[in-house]
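Please look at the sequence and the model before reading on.

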Amino acid sequence: MAVTDTIADMFTRIRNGLQARHDEVVMPFSKSKVAISEILKAEGFIHSFEILNQDAKKRAIRIELKYNEDGNPTITYIQRVSKPGKRLYAPKKRIPKVLNGFGISIVSTNKGIMTGRDARVQNVGGELIGEVY
């Protein structure tokens, strides 16, 4: 079955992997998924990620999920905000602060995919991809 929203599929795979207590999840490769994975790693929500099989036709991304000392996942909420049927765009001043700064919003700008905090610092707005906390 063809997936129309690959980022929502990525978030769902992460959510399902965390709920099933898996150590890692594997998903098809895309540049936007790599950029989102870099943000999740930099913000401390995942341990690491790697690109599997450098052959252009069968590339995949493996994300190593992260849990705290009690065994609870570090990601308690990951959700797609803008959807293919209803795109949500925000100027710099309207990018939401998730949980007063304890969570992150992921924004696709003309300077690349970045956190909402970075977008406000760089004075750019864009499409709200998702929220994580």
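Within β8, Gly126 is the bridge partner of Ala90. The model is predicted: local features need pLDDT of at least 70, side-chain atom pairs count only at pLDDT 80 or more, and totals for chains, interfaces and linings use all residues. Residues are numbered from 1 along each chain as its sequence is written, and side-chain values use heavy atoms, with hydrogens and water left out.

Strands here are DSSP runs (E, at least two residues), numbered from the N terminus. Two strands pair if DSSP finds at least two bridges between them.

| Strand paired with β8 | Sense | Bridges |
|---|---|---|
| β4 (residues 78-80) | antiparallel | three bridges |
| β5 (residues 89-90) | antiparallel | two bridges |
| β6 (residues 104-109) | antiparallel | five bridges |

Ile78 is bridged to Val132 of β8, and Ile106 to Gly130 of β8. Strand β8 (residues 126-132) is largely enclosed by the rest of the structure, because six of its seven residues are buried. Buried means under 20% relative accessible area (1.4 Å probe, protein chains only).

Arg80 lies in strand β4 and is buried, with a relative accessible area of 8%. Its side chain makes a polar contact (a pair of N or O atoms within 3.5 Å, one able to donate a hydrogen and the other to accept it; residues adjacent in sequence count only if both atoms are side-chain atoms) with the side chain of Asp5, at 3.1 Å. A polar atom of the Arg80 side chain also lies 3.4 Å from the backbone oxygen of Ile129. Leaving aside residues up to four places away in sequence, Arg80 touches several residues, including Phe11, Arg87 and Glu127; contact means heavy atoms within 4.5 Å.

Key. Buried means under 20% relative accessible area, exposed over 50%, partly exposed in between (1.4 Å probe, protein chains only). Helices (H or I, at least four residues) and strands (E, at least two) are DSSP runs, numbered from the N terminus.
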